[in-house]
Amino acid sequence: MTTHSPNSWEARAEAHALYGFTDLPSVRERGTVVVTHGEGPYIFDTQGRKYLDSNSGLWNMVAGFDHPGLAEAAKAQYDRFPGYHAFFGRMSDQTVALSERLIEVSPWDRGKVFYTNSGSEANDTLVKMLWFMGRAEGTPAKRKILTRGNAYHGVTAVSASMTAKPYNEVFGLPLDGFIHLTCPHYWREGMEGESEAEFTARLAAELEEVINREGADTIAGFFAEPVLGAGGVIPPPEGYFQAMQAVLRKHGIPLISDEVICGFGRTGNIWGCETYDFVPDAIISSKALTAGYFPMGAVMLGPEMADRLQAAIDPIEEFPHGFTASGHPVGCAVALKAIDVVLEEGLLEAVRAGAGRMEQGLRAIAAHPNIGELRGIGYMWALEAVREGKTPFEGDLSVSERIANTCTDHGLICRPLGQSVVLCPPFTLTDGQMDEMFEKLDAALRKVFAEIT
Ligand code: PMP
């Protein structure tokens, strides 16, 4: 148990701040890391300690913590026009410019964009759009939303209902009409003797069964992350999106790609759907959209969805939805700069070039018998700890929290997720910093495994 002087930052945090998604026994025992500033991929705390943040904050700080161009873009826009909305037929010039740019870099030749403050709100917004369109089209029963086990789509009431995590039971969620299909994790969910292609075929058959059971006329859309992120970094099995999309198309159900994590380079392409070779009907974006330098989310509609929404709006001549800060001019100016940073300052190439090195380094670490699976792509990876084979460690050992805490002691931030630890560094990571990440992770894993095996 740590004790801090009552005036310390740590004590003040514990007295007055609420912690989201935090293992409170760890905070009681270890105190709070109160962050003061950052430099490249490093953060520094009030005690003067330095940590390599291998998680880019929460996947979002893809250009590190001190990119001068992004701060300048924000400052220039604050000086020019510090804030405005997108209601009543008004919106900032930056909002217009970003919408045009997002469609330019989208998988479509035309489309429309709606802005939110977060990824959760973007998912909620799109669900409301689907409900709105269903009613306008004379199919008001089209309300059910399909997602997958272990998916993470956010924390608002709707997006938490899409998030297939048992912890949402404490809120009495999910709401009715949110259906969670099998998580496409071959290593965990594949059956004895089943090939990856057979696993994919089984998941597509499950989708079809659910559609037939519920009725296609009751289903509004299917949302999926190209690689499940907070579900434990789970890339799809072979042919997955092609098989799922074929079933969805047959029944006229839109496929929505939640690119909050994958979007803007994390998988080595601008979109995860590009990496996995499918064209969705809509995209949800956030996080790297502004390189984490401003809170913002976007709903991007492809041509068909944009037309459907417009047709639904036409009779009432209004879409009654929007946030005070939708299309905030500073957020839009920062996003325009962030897109340039990723596409024109070589960050996409950096991920492509570094991904092999990252995999190789992690593969060497994953040779340890207590690592069951290494999985990932680009700059998003997870190592899953096991007692042996595929058998997890006993829950009361809190293995991934121990690993993450030991990493913190070694000056490395990484995130516990189930029994896995996640690494998703900024795209600006140098080779030397990548080696530092490997060394610290390896040392922490060896220490923890020696303690509990
Ligand atoms: N979708 C995905 C795939 C996410 O990973 C997240 C956040 N981690 C969200 C939605 C929700 O975004 P936010 O935290 O900005 O509400």
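**Basis.** I worked on a predicted model, where local features need pLDDT of at least 70 and side-chain atom pairs count only at pLDDT 80 or more, while totals for chains, interfaces and linings use all residues. Residues are numbered from 1 along each chain as its sequence is written.

**Helix pair.** I looked up helix 6 (residues 119–136) against helix 12 (residues 303–313) and found an angle of about 60 degrees, with the axes 9 Å apart. Helices are DSSP runs of H or I, at least four residues, and strands are runs of E, at least two, numbered from the N terminus. Axes are lines fitted to C-alpha atoms, for helices over the stretch in contact, and angles run from 0 to 180 degrees between N-to-C directions.

**Ligand shell.** I listed 15 residues around the ligand, the closest being S118, G119, S120, G154 and V260; near means a C-beta atom, placed from the backbone, within 6 Å. Helix 6 gives the largest share of this shell, three residues.

I traced an open sheet of four strands in the order 11-12-15-14, with antiparallel pairing; two strands pair if DSSP finds at least two bridges between them. Strand 11 (371–377) and strand 14 (415–417) are at the edges with a single partner strand each, so one side of each has no neighbour in the sheet. Neighbouring strands are turned by 25 degrees against each other on average, direction ignored. I then checked strand 12 (residues 380–385) and strand 15 (residues 420–423), which are antiparallel and joined by four bridges. In this pair I found L383 opposite V421 of strand 15.
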